[in-house]
Amino acid sequence: MNTKTLSSWKIVLGIILAILSLIIGQTIAILFAEICLKMGIADWISNLLMSFIYVGVVMLELYFLSKILFKSDLKDFKILPIKPSLRYMFFSLALVGFVTVLLIFSKGQFISNEVGNKATVIITSVFYYGLATGIVEESIFRGMIFGLLGKKYGKLPAIIFPSLVFGLLHILGNKLGFVDIVQLILAGTSVGVLFSLIRIENNSIWGSAIVHGIWNIIFVGGIINFDINKDPQSIYNFVLSSKSQLITGGNFGVEASLPAILAYILFSSLVFYWIKNKNIKRIK
């Protein structure tokens, strides 16, 4: 695929359709899970199937989008081949560990809940929020959108634009004040930059998908909840003592907190150092 010959309108159309593919895939997966539940299928099985359907539908959409609109394939967008990275597995554990330690040092109370559906919470956290969401969102933002912008306009637009859109989309569906929105855009853009740098360094979406997925398992999935309020649906809670929005992340949560933002910037600097050492000057 030679993106330099693509018109700007086709690239804009591709970006819109890629984002729509996420919405469509997620909607189909959720509807399927709801049908399963109405049929009496166990929660954990329904959510497990939902996770695989989400990935499958979106990958199929991206495959046809790349074939029909861009006369290319998923290899051109670094979505294929599947490229597991042990380095980024340890990197992601260091990232979530760093933020977790900072939040614990901010003081709070650790509470264990008696949750009756632990299997459902764990499976949903690992397979839907971790595996499925990590793969889908990275395939769209660091695969399709990043690839279209990077080869035509260069690294900086490819890093900044998807990262900013990634941050803005997280505003949807949340009741946020002005300060919440500013903090969320800063956090969302910062973590988007981190994922984009990983995509450049690893020459694949799979490094960022691993980091994104493990982050979601810890801070989104519901196995453990970091907040100023106890969540009865989470297996474990760390109830933060601080009421400062910088520590709590405001109404969005600790993903937009100062400890998280510091981690995004610090770990982005590390990946940038790796890129410089590899002397990577253009997006492949």
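Which helix is the place of Glu138 in? Select Glu138 and you'll land in helix α4. Keep in mind that you're looking at a predicted model.

Stay on Glu138 for a moment. Is Glu138 buried or exposed? Its relative accessible area is 0%, so Glu138 counts as buried, since the cut-off for that is under 20%. Now show side chains: the one of Glu138 makes a polar contact with the side chain of Arg142, at 2.9 Å. Leaving aside residues up to four places away in sequence, Glu138 also touches Thr133, Gly143, Phe195, Ile205, Ser208, Ala209 and His212.

Next, select the whole of α4, residues 118-153. The core itself has 75 residues, and Leu62, Phe91, Ile140 and Val271 have the most contacts inside it. As a rule, nonpolar side chains in soluble globular proteins tend to be buried together.

Click on Ile140 to see some of this up close. Its contacts, again not counting residues up to four places away in sequence, include Ala18, Ile19, Leu22, Val58 and Leu62.

Last stop: helix α5, residues 155-169. Its 15 residues reach 22 Å from first C-alpha to last, close to the 21 Å expected. Colour Ala158, Ile159, Pro162, Ser163, Val165, Phe166 and Gly167, which are buried. What do the buried residues of α5 pack against? Show α1 (8-38), α4, α6 (178-202) and α7 (206-219), and you have the partners.

Methods:
Residues are numbered from 1 along each chain as its sequence is written. This is a predicted model: local features need pLDDT of at least 70, side-chain atom pairs count only at pLDDT 80 or more; totals for chains, interfaces and linings use all residues. Side-chain values use heavy atoms; hydrogens and water are left out. A nonpolar core is a set of buried Ala, Val, Leu, Ile, Met, Phe, Trp, Tyr and Cys residues joined through side-chain atoms within 4.5 Å. Buried means under 20% relative accessible area, exposed over 50%, partly exposed in between (1.4 Å probe, protein chains only). Helices (H or I, at least four residues) and strands (E, at least two) are DSSP runs, numbered from the N terminus. Contact means heavy atoms within 4.5 Å. A polar contact is a pair of N or O atoms within 3.5 Å; within protein, one must be able to donate a hydrogen and the other to accept it, and residues adjacent in sequence count only if both atoms are side-chain atoms. The expected span of a helix is 1.5 Å times one less than its number of residues.
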